[in-house]
Amino acid sequence: MQSTVFTVLALTATILGAPQLHPDRHAVILKYDNNNGGEEGYNFGFETSNGISHLETGQLVNIGTEGESMVVRGQYSYVGLDGVVYTVTYVADENGFHPQGAHIPR
């Protein structure tokens, strides 16, 4: 009897301790666009079956000057563990990366 209880407890501990597979492991890409326009800039975007999406554009500004730089604008969204869709919009330029979102502290 005691060895049976020990065996059941050992099996239970093994099952509970096994790595859990992430629910997003079966996510697939539903949409993907990628356009590289050279000096004119670029844009890309994708959406996945698990609610992740990302859109981004980049444009070279002040071309041919000392202040030449890339300005990137974008947005991404994902579904949090709490079921809420979180969205971040951002600009990245000569002044750094500037994200905004309702869930991001100011």
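## Basis of the values

Residues are numbered from 1 along each chain as its sequence is written, and side-chain values use heavy atoms, with hydrogens and water left out. Because the model is predicted, local features need pLDDT of at least 70 and side-chain atom pairs count only at pLDDT 80 or more, whereas totals for chains, interfaces and linings use all residues.

## Aromatic pairs

A pair of aromatic rings is described by the distance of the centres and the angle of the planes. A search of the whole structure finds three aromatic pairs, where rings of Phe, Tyr and Trp (its six-membered ring) pair if their centres lie within 6.5 Å, and planes under 30 degrees apart count as stacked, over 60 as edge-to-face and the rest as tilted. One of them is the tilted pair of Y76 and Y90, with 6.2 Å from centre to centre and 45° between the planes. This pair links distant parts of the chain, since Y76 lies in strand β4 and Y90 in strand β5 (residues 85–93), 14 residues apart; strands (E, at least two residues) are DSSP runs, numbered from the N terminus. Y76 is partly exposed at 31% relative accessibility, while Y90 is buried at 7%; buried means under 20% relative accessible area, exposed over 50%, and partly exposed in between (1.4 Å probe, protein chains only).

Y78 and Y86 form a stacked pair, 5.5 Å centre to centre with 25° between the planes. Y78 is partly exposed, with a relative accessible area of 30%, and Y86 counts as buried at 18%. Ring pairs also link Y76, Y90 and F97 into a cluster.

## The nonpolar patch

I52, Y76 and Y78 make a nonpolar surface patch of about 220 Å². Within this group, Y78 belongs to strand β4 (residues 69–79).

## The surroundings of T48

T48 is found in strand β2 (residues 42–48) and is buried, with a relative accessible area of 15%. Leaving aside residues up to four places away in sequence, T48 touches V28, I29 and L30, a contact being heavy atoms within 4.5 Å. T48 and K31 are 17 residues apart in sequence, and their C-alpha atoms are 7.0 Å apart in space.

The side chain of T48 also makes a polar contact with the side chain of N50, at 2.4 Å. Such a contact is a pair of N or O atoms within 3.5 Å; within protein, one must be able to donate a hydrogen and the other to accept it, and residues adjacent in sequence count only if both atoms are side-chain atoms.

Conventions. Patch = residues over 30% accessible without salt bridge, like charges linked within 9 Å, V, L, I, M, F, W, Y side chains within 5 Å. Areas by Shrake-Rupley, 256 points an atom, 1.4 Å probe, with all protein chains shown as cover. Salt bridge = Lys/Arg side-chain N within 4 Å of Asp/Glu carboxyl O. Helix = DSSP H or I, 4+ residues; strand = E, 2+ residues; numbered from the N terminus.
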